[in-house]
Amino acid sequence: MEVEDCDGLTFLFSLFVGRSLSKLEEIRVSRCKNMVEMVSREWEEMKEYGIINVPLLFPKLRHLTLQELPKLSNILCLFEEEKLVLSNQLEIIRDGQLQLSLGSNLRFLKLEKCMSPVKLFPSSLLQNLEELIVENCDNLEQLFDLEGLNVDDGHVGLLPKLESLDLNDLPKLRHICNWGSSMNDNLSSAPVSNIIFPKLNDMLLKSLPALTSFSPGNDSLQRLQHADLDTPLPMLFAEMVAFPHLEFLYIHGVDNVKRIWDDQLPHDSFSKLKDVWVESCGGLLNIFPSCVLKRSQSLHTLVVRDCISLKEIIAKDINEVLLETTPVFVFPKLTSLILYKLPKLRSLYPGAHTSQWPLLEILRVLECHKLNVFKFETPTFEQRHHEGNLHMPLFFIHNVAFPYLKKLFLYHNNDTEVWQEQFSTNSFPRLTVLDVHRYEIILVVIPSFMLQVLHNVEELHVGDCSSMKEVFQLEGHEEEHQVKPLRRLRKLELWCLPGLTHLWKENNKPGPDLHSLESLRVRNCDSLTNLVPSLVASFQNLATLDVRSCGSLRSMISPSIAKPLVELQTLIARGSYMMEEIVANEGKEAADEITFRKLQHMELVDLPKLTSFSSGGGYIFSFPSLEHMEVKGCPKMKIFSRSLLTTPKLKSVEVEDNEEHWQDDLNTTIQSLFIKMHDNIEAECRTGS
């Protein structure tokens, strides 16, 4: 049953209607602004007349969604044993607060935009609930009322079948669990060691700015444990809360919390964590205490982003300080590590340490302005350490390797150089994707000593490196007895590199082996004068050549580079204001054929000095597959080519305003467009005068 936008309804069912809905499995109620209760209070009248044998309501209900019901104060769904429901009915509305009496068959419950509740769930209910979503409830301060729970050997099992908990946009939520007024008595007379969520698998805590702890008991413990501090240290999970099966934890917008975990946790709690996402937690100082990390050996993914106060990932253990030990941090199953927009992050751990990442596949370190990603430990490290210098790298390269790392993304970090010369050749044996952005001081992306280390790279993306002069440094690279560099590179993308003058310096030696390159895209490289040096082995597999806004290029490629382009399918030249031709004129007089066998798409756009595809007359150009061509903003282009030209499949040229134009052949079409454009200019001048 689904009910929406029925403002005249004050309740959904009468008791007598509800009793007939024995097969109802799903209820959705949205945007009924005057609804006060789900089931009318006829049951009160029945009780007054001594009719207590109330029939079961909704015995098969599985899914309940309540959304944007601002006056809702009573939800009564009778689908438990009669006497249990009646015993709870007396407490359904207490002090004007919403109380839910839901029971055995309900598996999914979602509450959204319910403005009245301050406290939602009595602790003894919802024993079979598997998924709970609560969002946009502006006045909710506590979620679960634990008062009155039975304590078994100091352990409290809460919601034994709950697998997923999703709390979102609850601005007043201070605690998720509330012990009620008997909290102090419980702690003194019958201590509760654990609140256990035995089957909880996924927990999402989003936009909870007032949240300070999972249970208010955490604050008390913090004051005891940190009695020497002036103020308590707000912590999300302390030793009183246990999650033995939790695998996915997502925390976003929990600004009041300084630490996520206590140093002391129940046995097996968080031991099955696989994915941890922490985002936009402005007060957070670190992610893990070392004790939690050591038990989280199943961790697969760690994402930390937009935490402006975070200083380290792993906090220093007091025992490590007292014993002056050098800890070893092992991430045996971690495959993805993402650190993004952490302006105060200085290190993985604030001290000497060793780390191991045997299965790491994806590493993204983006906008961590005080963090060095890779650094070699110098002899003065211990001295700097004892002097309190916490500028330590994320990885010490002398004692770390990445045997399975496939993708590396580095963006605007503290490093003055991306690489250190001390890298061994087996440091990145499986690295296939390298992405480097906003390293404003570096002069070269891949220096000569890294060509062998990165010999398996297949994709290279470089952008916003204002001082960079070249992409690959070949000087000092000895080819003898070594694997040819870049032989597996398939995709090369370069953009916003104002200082780039060449991809590599020509030194009368063969260039890198780029026979696997399939895509070359270059944009906004205004100092680039030569796109591809002539001494390159081959571009035989290049399928896409896209060059845009490179203001110093006068031509795109030489004839010697053009001839092997048998796989080229897309050719784009845009916005390069000095470009005069696509294939350079090398003064050859004898006829020589250049065939772009697979070229289907060509764009020549906003090239104010372009006069032709090639101004030389010594070449026969053939385009047997060309079907789509754009020519726009090329006012000096009088002819496509001065030599013989064949385009058997081309039937039109797209010009300004997406109009199609064609006259006899490509050369004639370009000539007619040039004449038409200049006739229009002359006509406009005469009209203006």
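**Pocket, core and a buried serine**

Visitor: Which residues lie nearest the centre of the largest pocket?
Guide: This is a predicted model, and in it V631, V655, E656, L673 and M677 lie nearest the centre of that pocket, out of 17 lining residues.

Visitor: What's the volume of the largest pocket?
Guide: About 360 Å³.

Visitor: And which element gives the largest share of the lining?
Guide: That's α10, with six residues. β46 (628-632), β49 (660-661) and α10 each supply at least two.

Visitor: How does the lining split by class?
Guide: Eight nonpolar, six charged and three polar residues.

Visitor: OK, switching to the largest nonpolar core. Which members touch the most others?
Guide: W261, F374, L604 and F640, in a core of 175 residues. Helix α10, spanning residues 666-688, gives the most to this core, with three residues.

Visitor: What does L604 touch, leaving out residues up to four places away in sequence?
Guide: Its contacts are A573, I582, L610, M629, E630, V631, K632, C634, M637 and F640. You've met two of those already: V631 is among the residues nearest the pocket centre, and F640 is one of the core members that touch the most others.

Visitor: New topic: where is S355?
Guide: In strand β28, residues 354-356.

Visitor: Is S355 buried or exposed?
Guide: Buried, because its relative accessible area is 4% and the cut-off for buried is under 20%.

Visitor: Which side chain does the S355 side chain make a polar contact with?
Guide: The side chain of W357, at 2.9 Å.

Key. Residues numbered from 1 in each chain as written. Predicted model: local features only at pLDDT ≥ 70, side-chain atom pairs only at ≥ 80, totals over all residues. Heavy atoms only, no water. Core = buried A, V, L, I, M, F, W, Y, C linked by side-chain atoms within 4.5 Å. Buried < 20%, exposed > 50% of the residue type's maximum accessible area, 1.4 Å probe, protein only. Helix = DSSP H or I, 4+ residues; strand = E, 2+ residues; numbered from the N terminus. Contact = heavy atoms within 4.5 Å. Polar contact = N/O pair within 3.5 Å; in protein donor to acceptor, adjacent residues only side chain to side chain. 1 Å grid on protein atoms, 1.4 Å probe; cavity = no way out; pocket = protein on both sides within 12 Å on 5 of 7 lines; lining within 4 Å. Points joined across faces, edges and corners; volume = space filled by probe spheres on them. Nonpolar A, V, L, I, M, F, W, Y, C, P; charged D, E, K, R; others polar.
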